[in-house]
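Hi,

Here is the structure I promised to pass on. Have a look at it first, and then read on for what turned up around the ligand.

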Amino acid sequence: MSWLLSRLLVGVAAMLAGGLLGYFVGSSLRAPVLGALLGAVVAVALLVVLDTIRGMRLIAWLRGTQEADAPRDAGFWGEIGYRVERSIRLRERLAGQEQARLSRFLDAMEASPNGVLMLDVNEQIDWCNSVAAAHFGLDPQRDRLQHITNLVRAPAFVAYLQTGVFKEPVQFPDPRGRGTLSVLVRDYGEGRKLVLSQDITERERADAMRRDFVANVSHEIRTPLTVLSGFIETMASLPLTEVERKRVLLLMSQQTQRMQSLVADLLTLAQLEGSPRPAADRWVAVDKLLRQVEVDARALSMGRHALTLNSDDAAQIAGAETELLSALTNLANNAVRYTSEGGRIDIAWRVLPNGSGEFTVKDTGPGIEREHIARLTERFYRVDGSRSRDTGGTGLGLSIVKHVVQRHGGELNVQSEPGKGSTFRLVFPAARLRYLEPAPDPRRQGEALTAVRGSTAETR
Ligand code: ADP
């Protein structure tokens with residue numbers, strides 16, 4: 001009530017001041033009472049006009065955007081203006097803080113590796129992050145307030161949404177036809193839904209690969225096992241001559257050998273996949289590697305091939321000796337196994353113009369057709385299955401080679417043409433090489449490199 005009292009006091013003071021002034025003016029005109037009355041009325045009227053002007057100014061400010069300060073009037077209207085402005089500013093600050101919190105929250109949802117999509121009570125799109133937009137092929141702005149099933153029509157998803165039971169995620173083909181999505185819906189708020197999506201294409205592919213791998217391993221092991229059990233039965237049930245018995249035992253030992261090679265290769269692969277990359281500070285002499293590879297290849301060839309070895313410097317390579325030896329031996333042994341008697345096999349090491357080092361195993365064998373080259377490093381992939389098995393192959397050799405070279409930061413290149421032989425190259429980066437003698441002059445080797453470029457196909 002203090003505001004009323006002060007207003008009354010101001011009114012009374014104005015009336016008194018106006019009346020007093022009117023009284024003195026009226027006295028000079030010999031009508032002091034009338035003068036006093038008029039003076040009081042005029043003073044009150046002036047006060048009302050002033051009040052109205054101040055009130056109108058405040059209303060004009062309130063009708064506007066309130067960005068500028070409220071009118072700084074004295075008294076009643078000034079007080080109202082100040083209080084209203086303070087309350088507006090306080091609300092603006094709170095709204096600003098809420099807005100900042102909301103955008104931080106949306107930024108966090110945007111950073112999610114999974115798709116997040118919010119549906120309102122009518123299952124219309126309220127908001128989605130860019131991952132969800134990419135998964136469902138949506139435009140976050142344009143498709144706002146669109147019914148989700150008008151845009152995502154995958155039957156499995158529509159049926160899932162209709163059931164209203166969202167315990168398990170649903171899986172369906174990505175609407176863009178590029179893979180598989182796994183989608184989980186969660187209820188929130190009052191009848192709203194949160195749609196979480198995940199691209200599981202890679203996971204599915206890995207699962208399929210694992211299933212294929214297990215099936216392949218089982219098949220590879222079952223074949224020699226079947227043969228072995230057949231021989232065991234034969235030996236147990238039939239009276240064999242000494243010659244027959246020796247033959248059966250030889251065949252049995254071949255099958256056992258085959259299983260042993262397979263298990264050894266599988267273990268090598270598992271070890272390569274499960275162990276950290278080889279240290280970059282363990283140095284292996286290229287010369288020593290090559291000599292070991294040559295010894296093994298000659299033993300396997302048993303003089304049936306012309307084998308040459310070429311290394312033009314004393315380089316060392318940073319990595320794991322056993323792995324590098326296994327990769328090179330695999331390449332050299334393949335060359336021996338697939339090249340017919342009288343063929344030629346050249347094993348070489350050289351430094352390329354860009355400083356990287358290259359092992360080459362070149363043969364004059366049957367060669368490989370272009371369409372097979374990209375798949376050679378797949379596990380159990382064989383161009384000629386019976387030839388591979390007959391020569392003791394497991395179908396895992398090039399897979400091991402690829403792993404080894406990649407773990408050493410390098411790459412495997414295959415160049416081959418049917419009837420013209422094959423060249424397998426292992427290229428290691430300059431950073432993994434060092435030289436005990438001054439590095440060889442790469443210009444000397446530039447010409448050779450140009451000659452082998454061309455139809456080189458890099459395996460994946
Ligand atoms: P495998 O144990 O069957 O030799 P690899 O992974 O070492 O398995 O090789 C995959 C396939 O690539 C082989 O089955 C063979 O068909 C082909 N291959 C590998 N090296 C050569 C080569 N030097 N000449 C011709 N074909 C080859």
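Sorted by class, the shell around the ligand holds nine nonpolar, seven polar and four charged residues. Keep in mind that this is a predicted model. Of the 20 residues around the ligand, the ones that come nearest are N334, Y338, S388, G395 and L398. Helix α10 supplies four residues, the largest share of that shell.

D363 places a polar side-chain atom 2.8 Å from a nitrogen atom of the ligand. T394 uses its backbone instead: one of its N or O atoms there is 2.8 Å from an oxygen atom of the ligand. L398 also has a polar backbone atom 2.8 Å from a ligand oxygen.

The elements giving two or more residues to the ligand's shell are α10 (321-338), α13 (397-407) and β12 (422-428).

Two or more lining residues come from each of α8 (242-274), α10, α12 (385-390), α13 and β12. Here too α10 gives the most, with nine residues. By class, the lining has 15 nonpolar, 20 polar and nine charged residues.

Cheers

Methods:
Residues numbered from 1 in each chain as written. Predicted model: local features only at pLDDT ≥ 70, side-chain atom pairs only at ≥ 80, totals over all residues. Heavy atoms only, no water. Near = heavy atom within 4 Å. Polar contact = N/O pair within 3.5 Å; in protein donor to acceptor, adjacent residues only side chain to side chain. Nonpolar A, V, L, I, M, F, W, Y, C, P; charged D, E, K, R; others polar.
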